[in-house]
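Here are some questions and answers for reading a protein structure. Keep the sequence and the 3D view open while working through them.

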Amino acid sequence: MTALRIRFLEDMQLHGYSPKTQSCYVGAVRGLARFFHKSPDQISEEELRRYFLHLTLEKKVARATATIALCGIKFLFQNTLQRSWTSLKLLRPPKEKKLPVVLSRQEVQGILGCVRIPIYRACLTTIYSCGLRLSEGLLLHPCDIDSGRMLLHVRGGKGNKDRYVPLPQRTLEQLRQVWATHRSRTWLFPALTRHGLPCSVEHNVGHITPSTLQRAFGRALKQSGVRKAAHVHSLRHSMATHLLEAGVNLRIIQSILGHATPTTTALYTHLTQEVRESVNTPINELMNGL
């Protein structure tokens, strides 16, 4: 490990960045170094500008990828290398306003019903019923379950923030059934063995990987016949929309999802069935006589 990378990691640790964020930023800087085949501290301001033009115009990376690259590289040059270049102030990924994919309750039931492996089904069910992000669901520990108060302790969410979310009774029952198959004290959803069985407490293994769960969801989505471009995170979007349709206060949903501001949660208000139905009659009346 080079001295520059060590200093870069130390600076991120001093800023309180999570290990995941550190890993993403290191990967962003590594991509820059590979593009020019030299150490980042030898890259000029003009080369940095050319690199982001390459990402934007040639590779046409997604906004999330461009944002991670910008944040990681910007942190390196501004904080670790102490270079306040003008280009760093100009670089900014284009804004996107994409609506999330929302599944109906019947579609959620159909998809989860097609997940054949119990531990995958339990994990996806927990993500939906508790409104979790993918990483939050995978990183759950058995000690995070508070069955006395029917709460789930979500640790290290976005922004490294903890929160408690309501735990449905049926979800708790599924979690107990799955835990009885492996009895791991470390992970609620440990990785599976080569034979497709949950690793026991004697095995020193990690949790289910994000790619593994995404593939399991993708297979179930295809088998269910649902024709939407959904992914695991769609379960979180769907849960928030379903709570709004059930009349749950927006502020409570914000707390469950762990959103920093109500503006983010308010995105779901125009996705609910109640809002759609409120405009159906006026729109249909406009078509009378046409």
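**Salt bridges, sheet and helices**

Arg155 is partly exposed, with a relative accessible area of 38%. The model is a predicted one.

Q: Where is the place of Arg155?
A: Two strands are needed to describe the place of Arg155, S2 and S3. Arg155 is in the loop between S2 and S3.

Q: Which residue forms a salt bridge with Arg155, the closest N and O atoms being 2.4 Å apart?
A: Leaving out residues up to four places away in sequence, Arg155 touches Cys143, Asp144 and Asp162. A salt bridge needs a carboxyl oxygen of Asp or Glu within 4 Å of the Lys or Arg nitrogen. At 2.4 Å between the closest N and O atoms, the salt bridge of Arg155 is with Asp144.

Q: Is Asp144 buried or exposed?
A: Asp144 lies in the loop between H8 and strand S1 (145-146). Buried means under 20% relative accessible area. Asp144 has 2% relative accessibility, so Asp144 counts as buried.

Q: How many salt bridges does a search of the whole structure find?
A: The salt bridge of Arg155 with Asp144 is one of them, and that of Glu136 with Arg133 is another. The search of the whole structure gives a total of 7.

Q: Which residues are linked with Glu136 in a network of salt bridges?
A: Glu136 forms a salt bridge with Arg133, with 2.6 Å between the closest N and O atoms. The side chain of Glu136 also meets that of Arg163 in a salt bridge, at 2.9 Å from N to O. The residues linked with Glu136 in the network are Arg133 and Arg163.

Q: How many residues apart are Glu136 and Arg163?
A: Glu136 and Arg163 form a salt bridge. This pair links distant parts of the chain, with Glu136 in helix H8 (residues 134-138) and Arg163 in strand S3 (residues 163-166). Both Glu136 and Arg163 are buried.

Q: In what order do the 3 strands form an open sheet?
A: S1 and S2 pair in the antiparallel sense over 2 bridges. S2 and S3 also run antiparallel, joined by 4 bridges. The order of the strands in the open sheet is S1-S2-S3.

Q: Which strands stand at the edges of the sheet?
A: The sheet is open, with the order S1-S2-S3. An edge strand here has a single partner strand, so one side of it is left without a neighbour in the sheet. The strands at the edges are S1 and S3.

Q: What phi does Met150 take in the hairpin of S1 and S2?
A: Most residues other than glycine have a negative phi. The hairpin of S1 and S2 has 4 residues between the strands. Met150 there takes a positive phi near 55 degrees.

Q: Is Lys60 buried or exposed?
A: Lys60 lies in the loop between helix H3 (45-58) and H4. Its phi is positive, about 50 degrees, although Lys60 is not a glycine. At 64% relative accessibility, Lys60 counts as exposed.

Q: At roughly how many degrees do the axes of H2 and H4 cross?
A: Two packed helices are described by the angle and the distance between their axes. The axes of helix H2 (residues 19-36) and helix H4 (residues 63-80) come within 8 Å. H2 is roughly perpendicular to H4. The axes cross at roughly 85 degrees.

Q: How many residues of the contact of H2 with H4 are nonpolar?
A: On H2 the contact includes Cys24 and Tyr25, and on H4 it includes Ile68 and Phe77. No charged residue takes part, and 1 is polar. The number of nonpolar residues is 11.

Technical notes:
Residues numbered from 1 in each chain as written. Predicted model: local features only at pLDDT ≥ 70, side-chain atom pairs only at ≥ 80, totals over all residues. Heavy atoms only, no water. Axes fitted to C-alpha atoms, helices over the stretch in contact; angles between N-to-C directions. Parallel < 35°, antiparallel > 145°, perpendicular 65-115°, else oblique. Contact = heavy atoms within 4.5 Å. Nonpolar A, V, L, I, M, F, W, Y, C, P; charged D, E, K, R; others polar. Buried < 20%, exposed > 50% of the residue type's maximum accessible area, 1.4 Å probe, protein only. Pairing = 2+ DSSP bridges.
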